[in-house]
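Please examine the sequence and the structure shown below.

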Amino acid sequence: MKNTKFIIAVIFAFLLAIGCRNTPKANPQNAAAAFDTLVSNAQGIHNGFDYELWHDTGDVAMILKDSGNFDCSWDSIHNVLFRTGKKFDTTQTYSELGEISLAYGCNYQPEGNSYLCVYGWTIDPLVEFYVVEAWGSWRPPGAESKGTVEIDGGIYDIYETTRTEQPSIQGTTTFQQYWSVRTEKKTDGAVSVSQHFKTWDKMNMKLGKMYEIAFCVEGYQSKGTANIHKNILTISK
């Protein structure tokens, strides 16, 4: 019954998306239409925003919308990430890019373990990073805090964790994860992303050349839905 309901929801979302646009269905890898529905792993550019849907098992759906916004749902998954933002050519550090901020708004309804976050990667060194604004049944990352910082009127715990022989943008390997995690959940607001990067630098948590900055919904052994209705990434010199 659970899977039947999920399939019906995906079909309904797909039909709604078809009815709302005036252009033919595009290949998800080159999404150019106003809306596009993804139900398997894909990445590309949609309305000027880089997007990626990645999961290992379970049922997922992601509706790409205008201005970097998206709807997503997941059920019976092991791990899934839905995200839209900006990918870079890995030639510049965050300080060379400029001042980075992200304004967001989301109707976020996780059931179980999930994160709502600013997310991304750097190379040289290879780092996966999170600025977690809200979460589901478990507050990540389950490590000892290295300290706290106040940014944008909120208090964040800082963490550094290691992933050993796990999937990454450079294949299965070992890499560091950097975390800023709010002490109180928030689903609408703004993140001064560069301030988190600067804080990590002061704690000897060094980032490399930027590969990606995105707004992300992640689920782990859970189910849920989210509607991202505001996603404004700003990079200014």
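Strand S2 (residues 42-46) pairs with S3 in the antiparallel sense over five bridges; strands are DSSP runs of E, at least two residues, numbered from the N terminus, and two strands pair if DSSP finds at least two bridges between them. The model is predicted: local features need pLDDT of at least 70, side-chain atom pairs count only at pLDDT 80 or more, and totals for chains, interfaces and linings use all residues. Residues are numbered from 1 along each chain as its sequence is written, and side-chain values use heavy atoms, with hydrogens and water left out.

S2 and S3 form a hairpin with two residues between them, and Asn-47 in the turn has a positive phi of about 50°. S3 is also joined to strand S6 (residues 79-87) by six bridges, and these two strands run antiparallel. One facing pair is listed for each pairing.

| Residue | Partner |
|---|---|
| His-55 | Val-80 in S6 |

Strand S3 (residues 49-55) is mostly covered, with five of its seven residues buried, that is, under 20% relative accessible area with a 1.4 Å probe, protein chains only.

The largest nonpolar core has 44 residues, of which Phe-82, Phe-197, Trp-200 and Val-217 touch the most other members. Such a core is a set of buried Ala, Val, Leu, Ile, Met, Phe, Trp, Tyr and Cys residues joined through side-chain atoms within 4.5 Å. Strand S7 (residues 99-123) gives the most to this core, with seven residues. Apart from this core lies another, of 15 residues, among them Tyr-115 and Val-132.

Note on methods: Buried means under 20% relative accessible area, exposed over 50%, partly exposed in between (1.4 Å probe, protein chains only). Helices (H or I, at least four residues) and strands (E, at least two) are DSSP runs, numbered from the N terminus.
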